[in-house]
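Trainee: Can we go through this one together? I'd like to talk about surface charge.

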Amino acid sequence: MIEVSSKDNQWIKTATKLKQKKGRQKSQSFLLEGERYIQYAYDNAFEIDAIMFSREKWDQLDQSQQGTYEAMGICIVLEDSLLELVSETVNSQGAIAIVKMKSLSHDPLERKESLLIYLDRLQDPGNLGTIIRTADAVGIKTIFMNKGCVDPYNAKVIRSTAGSILNVQLIHVEEDEKALQAIKSKGYHIVATDLNANHSYLDKTAYGHQNCLIIGNEANGISESVKRLSDVRVIIPIDGYAESLNASVAAAIMMYKLKEIQDLLS
């Protein structure tokens with residue numbers, strides 16, 4: 001265990017850099033707050049560089065618990081004012097880990113999952129977090145995200161996933177056409193939601209045995225260039241006066257519908 005009382009300490013500098021997207025991308029690490037999620041990350045084979053504790057939180061742990069955390073990574077005890085520099089929540093839980101992002105060990109398309117998600121310029125952290133959490137609940141393991149999407153390791157996104165970010169594989173896409181053509185070449189049916197679509201989302205004939213669902217930007221929907229690469233466009237009917245559905249709500253409806261279809265086909 002290391003005690004730190006200066007904001008000039010290297011661990012403090014490292015952690016504060018991870019509050020910015022640039023710092024996270026450079027180090028390929030992110031901050032994870034809360035004992036339950038830190039334990040979950042460790043159990044799911046994430047590499048933990050260090051765990052920072054408030055003095056109060058560390059002193060509350062018995063010797064066995066302290067030993068468990070020391071087996072996960074370097075344990076650092078901070079003064080409250082320093083923990084506030086690192087924490088991204090109003091009321092810190094007193095334990096914050098520096099966690100390495102997992103690198104791809106293989107082509108995710110080789111797993112032949114029945115359902116994939118492809119996010120097109122999704123910008124709201126809450127929406128992204130909810131979609132990740134819902135995908136995890138449905139059993140979806142892989143989510144593709146193009147260049148216009150919000151950083152999934154943003155603190156707001158991580159909090160709204162309620163730990164599900166640790167269960168899914170996030171694939172960052174540089175070129176939409178290249179990525180979607182690769183997905184199609186593996187036998188996936190590309191499904192886009194569109195207010196001008198001819199198929200209702202309830203139409204079972206609109207889907208294939210393996211599907212990739214595209215969810216678009218909150219304000220502008222799916223871009224025309226991405227939409228042109230889809231195999232089918234479906235609409236979730238709006239019978240009231242709302243102009244459209246929230247992106248994460250539409251995504252949840254579609255994910256469960258596709259799961260239902262695939263359960264019937266299996």
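Mentor: Helices here are DSSP runs of H or I with at least four residues, numbered from the N terminus. This is a predicted model, where local features need pLDDT of at least 70, side-chain atom pairs count only at pLDDT 80 or more, and totals for chains, interfaces and linings use all residues. Residues are numbered from 1 along each chain as its sequence is written, and side-chain values use heavy atoms, with hydrogens and water left out.

Trainee: OK, where is Glu56?

Mentor: Glu56 sits in helix α4, residues 55-60.

Trainee: Buried or exposed?

Mentor: Glu56 is exposed, because its relative accessible area is 55% and exposed means over 50% (buried is under 20%, partly exposed in between; 1.4 Å probe, protein chains only).

Trainee: Which residues form the negative surface patch?

Mentor: Glu56, Glu79, Asp80 and Glu84. Patch residues have over 30% relative accessible area and no salt bridge, with like charges joined within 9 Å. A salt bridge is a Lys or Arg side-chain nitrogen within 4 Å of a carboxyl oxygen of Asp or Glu.

Trainee: And the positive one?

Mentor: That patch consists of Lys13, Lys17, Lys22 and Lys26. Helices α1 (10-17) and α2 (21-27) each supply at least two of its residues. Lys26 belongs to α2 and, at 78% relative accessible area, is exposed.

Trainee: Switching topic: where does Ser81 lie?

Mentor: In helix α6, residues 80-86. Ser81 counts as partly exposed, because its relative accessibility is 48%.

Trainee: What separates the C-alpha atoms of Ser81 and Val138?

Mentor: A distance of 41 Å, with the two residues 57 apart along the chain.

Note on methods. Patches are made of residues with over 30% relative accessible area and no salt bridge: like charges are joined within 9 Å, nonpolar side chains (Val, Leu, Ile, Met, Phe, Trp, Tyr) within 5 Å. Accessible areas come from the Shrake-Rupley method with a 1.4 Å probe; for residues, only the protein chains shown count as cover. Lys and Arg count as positive and Asp and Glu as negative; His and the chain ends are not counted. The place of a charge is taken as NZ of Lys, CZ of Arg, CG of Asp or CD of Glu.
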